[in-house]
Amino acid sequence: MTTARTALYIVAFALFIYGLMGLTGPRTAVRGNWIAATGMVIAIIATLLTPNMSNWVLIALGIILGALVGVPAARQVKMTAMPQMVALFNGVGGGAVALIAWAEFRHSDGFTGDPAYVIVASLFATIIGAISFWGSLVAFGKLQDILPGRPISVGEFQQPLNAVLLAGAVGCSIAIGAGQKNQALIIGVLLFSAALGLVLVLPIGGADMPVVVSMLNACTGLSAAATGLALNNTAMIVAGMIVGASGSILTREMAKAMNRSIVSIVAGGFGGGGGTAIAAAGNGVERTVRATSASDAAILMAYANRVIVVPGYGMAVAQAQHVVRDMAKLLEDRGVEVSYAIHPVAGRMPGHMNVLLAEADVPYDQLKDMDDVNDEFARTDVALVVGANDVTNPAARSDPSSPIHGMPILDVDHAKSVIVLKRSMNTGFAGIENPLYHDPRTSMLFGDAKKMVSEVIEELKAI
Amino acid sequence: MLLENLAILVLAGFIGFAVISKVPNTLHTPLMSGTNAIHGIVLLGGLIVLGAGVSGVLSKVILVIAIAFGTINVVGGFLVTDRMLGMFKRKPGGQK
């Protein structure tokens, strides 16, 4: 029976690896995802073939409960809420790791008779799993706007606090390793790690959340591999480690796309301690903003040769992608050349905008990557910014004191005129002032993105 | 046993590094979501420990929750990834 299990595990590994390779290419991605899922089903079946399994009813109960929650959640989540859903799914994975280690501690009466490596691997899994669970919950809260997106930290006490909590978790672990069997110790590990997960992610600004989620994803993978070591289960070792490694690479790639170093993200807040203070100082100066109307905006665009639409999270929230597409069509009928400039991290996840615009049937060739489109702004009559903010902030290019200095941006301000569609003058996700709005070439169209674009459409039809 | 498992661990790590070489920005989110689903493999740990005949109500409750969490991770992860990718699928052949 164990031979059959091992054989099935090997099939599962092959499917995981092949599936992941598929996920890295646009053509093969959908198939790759299902290949990996097939591998998972095989791994689960193989595990259930383990001889002398008991507690079948409870096992079935757990799986059914999970399916009842997971399937509708994945099916019904709006495309805009996808990033936080991934954070949540990642969190429960980490939570499962921590819970398994806890149960294992109880079952084996404090790891009695287990070799040292099993104890170390289990406790490592407990700590990392719990951090991942609570950290993911914070990431979810920030992306879902339950928690404020701005960094929340205790300033200079942040690093000592982290160190104390880590020491607490490791201290309890060492006591367990030394042979202590008190239940309070494993609960201590769980609580210290939980607190650590919270204080690690709270100080990180909302704009960095995608990278954080990716990092926690890699952590959960590592903790799964550690659990595999402790339980002597090769499937968990292989799958967990592959995710740990590929997740780390992916995290680095994402950070690179935002021109942020992983270290500075983890160190907390934008650009370290001074970030928030600088952002606050910018608000003191009162500068002028030019508001415009839907009809003016319509006229401006109708008589333009080239219009570039810059979508952002605001478009996603307002579900305005369809009306934006309709507007673009009207403009094209008038002979205006329309394209869309996609910043790598526009929205709240890389690829977020591509997904939404594809949903609205925007032709693929009109979507332009940042590097391709930036030179074109200078030859563009109107840049229409729909609910994007930080990714258009020229301060990232020109102002070394800006917290987002160095982040690659869309050079919207090079266009002959800029229309910014925005609900209010509030700052963006990163919580910083955008000088673009005070540029004399910029006019602001305040209101809900969907409503305002619909009004622009009406005006366009009337011209 | 430990050394064999460590060998597997290291090799799996290298495979993980090798698979993700150059990924277009657009695929970052689906790829993250896909790997996210794969670490739902922790579900197996819950199955093994609970199946090994754990006694005690609290331990059983903990493990049922762990299995439920693992299942959410797996099922939700793969379905969400598929939905994200479904948005891309239509693009090349979509209406022109």
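Helix axes are taken here as lines fitted to C-alpha atoms over the stretch in contact, and the angle between two of them runs from 0 to 180 degrees between N-to-C directions. The structure is a predicted model, in which local features need pLDDT of at least 70 and side-chain atom pairs count only at pLDDT 80 or more, while totals for chains, interfaces and linings use all residues. Residues are numbered from 1 along each chain as its sequence is written, and chains are lettered from A and ligands numbered from 1 in the order in which they are written.

The axes of α4(A) and α2(B) come within 9 Å and cross at roughly 20°; helices are DSSP runs of H or I with at least four residues, strands are runs of E with at least two, and both are numbered from the N terminus. This makes α4(A) roughly parallel to α2(B), given that angles under 35 degrees count as roughly parallel, over 145 as roughly antiparallel, 65 to 115 as roughly perpendicular and the rest as oblique. The crossing of α4(A) with α2(B) is left-handed, a term for a near helix turned anticlockwise from the far one by less than a right angle, with clockwise being right-handed. Here V86(A), F89(A) and N90(A) meet M32(B), S33(B) and N36(B), where contact requires C-beta atoms, placed from the backbone, within 7 Å.

The whole contact between the chains takes 96 residues from chain A and 78 residues from chain B. On the chain B side, α1 (2-19), α2 (28-38), α3 (42-51) and α4 (57-89) each give two or more residues. The largest share, 28 residues, comes from α4(B).

Within chain A, helices α6 (residues 158-177) and α7 (residues 183-201) have axes that come within 8 Å and cross at roughly 160°, and are therefore roughly antiparallel to each other. This crossing, too, is left-handed. Its contact residues include L161(A) and L165(A) of α6(A) and F192(A) and L196(A) of α7(A), and divide into 15 nonpolar, five polar and no charged.

The largest nonpolar core has 196 residues, of which I242(A), V310(A), L384(A), V385(A), V386(A) and I41(B) touch the most other members. Such a core is a set of buried Ala, Val, Leu, Ile, Met, Phe, Trp, Tyr and Cys residues joined through C-beta atoms within 7 Å. Beyond four places in sequence, the contacts of V310(A) include A341(A), L384(A) and V412(A).

N55(A), between α2 (29-48) and α3 (56-76) of chain A, has a positive phi of about 60° although it is not a glycine. N55(A) is buried, with 20 other C-beta atoms within 10 Å; the cut-offs are 20 or more for buried, 12 or fewer for exposed, and partly exposed in between. D109(A), in the loop between α4 (82-107) and α5 (116-143) of chain A, also has a positive phi, near 50°, but counts as exposed with 9 C-beta neighbours inside 10 Å. R290(A) is partly exposed, with 13 other C-beta atoms within 10 Å, and touches T442(A), S443(A) and M444(A).

Terms used: Contact = placed C-beta atoms within 7 Å. Nonpolar A, V, L, I, M, F, W, Y, C, P; charged D, E, K, R; others polar.
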